[in-house]
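Subject: Structure handover and notes

Hello,

Here is the structure we discussed. My notes on the side-chain interactions and the packing follow below it.

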Amino acid sequence: ARMELFSEAFRAAVLKALDSTTPLVGVIQKRSDPFLDRIRKRPDVRLFTITPANRDTLAGEITGHLGPLLPELFES
């Protein structure tokens, strides 16, 4: 297990960030863990799986999801 998952302060900070109104992009391990599974099950979390086939186009897909949340950053 990753050391940060043992830190209650780290886990509390992650949950606080997820509960805020600020959109968040993060990386989560694929393996199962009670804390990670709790994050995955949140209705406000959108998961993307990076594969060799999609790694070059995934950034555009993520930006497409963020655009409506952060219009001032994506205005031309």
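I start with a charge over a ring: Arg11 lies over the face of Phe35, at 5.8 Å from the ring centre. The criterion is NZ of Lys or CZ of Arg within 6 Å of the ring centre and within 35 degrees of the ring normal. By that criterion the charged end of Arg46 also sits over a ring, that of Phe48, at 4.4 Å from its centre.

Before the rest, the conventions. This is a predicted model, in which local features need pLDDT of at least 70 and side-chain atom pairs count only at pLDDT 80 or more, while totals for chains, interfaces and linings use all residues. Residues are numbered from 1 along each chain as its sequence is written, and side-chain values use heavy atoms, with hydrogens and water left out.

Salt bridges

Searching the whole structure gives six salt bridges (a side-chain nitrogen of Lys or Arg within 4 Å of a carboxyl oxygen of Asp or Glu). Arg11 takes part in one of them, with Glu8, where the closest N and O atoms are 2.5 Å apart. Both residues belong to helix H1 (residues 8-19) and are three residues apart, about one turn of the helix. Helices are DSSP runs of H or I with at least four residues, numbered from the N terminus. Glu8 is exposed at 51% relative accessible area, whereas Arg11 is partly exposed at 23%. The classes are buried under 20%, exposed over 50% and partly exposed in between, with a 1.4 Å probe and protein chains only.

Asp37 and Arg40 form another salt bridge, at 2.7 Å from N to O. This pair sits in helix H2 (residues 34-40), again three residues apart, about one turn of the helix. Arg40 is partly exposed, with a relative accessibility of 23%. Elsewhere, salt bridges that share partners join Asp19, Arg42 and Asp44 into one network.

The salt bridge between Asp33 and Arg31 has an N to O distance of 3.9 Å. Asp33 is buried at 15%, and Arg31 is partly exposed at 32%.

Where is Arg42 placed? Arg42 is in the loop between H2 and helix H3 (58-66), and its relative accessibility of 18% makes it buried. The Arg42 side chain reaches the backbone oxygen of Leu18 at 3.1 Å. That is a polar contact: a pair of N or O atoms within 3.5 Å, where within protein one must be able to donate a hydrogen and the other to accept it, and residues adjacent in sequence count only if both atoms are side-chain atoms.

Leaving aside residues up to four places away in sequence, Arg42 touches Leu15, Leu18 and Asp19, contact being heavy atoms within 4.5 Å. With that exclusion again, Leu18 touches Leu24, Ile39, Arg42 and Asp44.

Nonpolar core

The largest nonpolar core has seven residues: Leu5, Val14, Leu15, Leu18, Phe35, Leu36 and Ile39. H1 and H2 are the elements that give two or more residues to this core. Such a core is a set of buried Ala, Val, Leu, Ile, Met, Phe, Trp, Tyr and Cys residues joined through side-chain atoms within 4.5 Å.

Loop residue

Val25 lies in the loop between H1 and H2 and is exposed at 56%. Val25 and Val45 are 20 residues apart in sequence, with their C-alpha atoms 9.6 Å apart.

Regards
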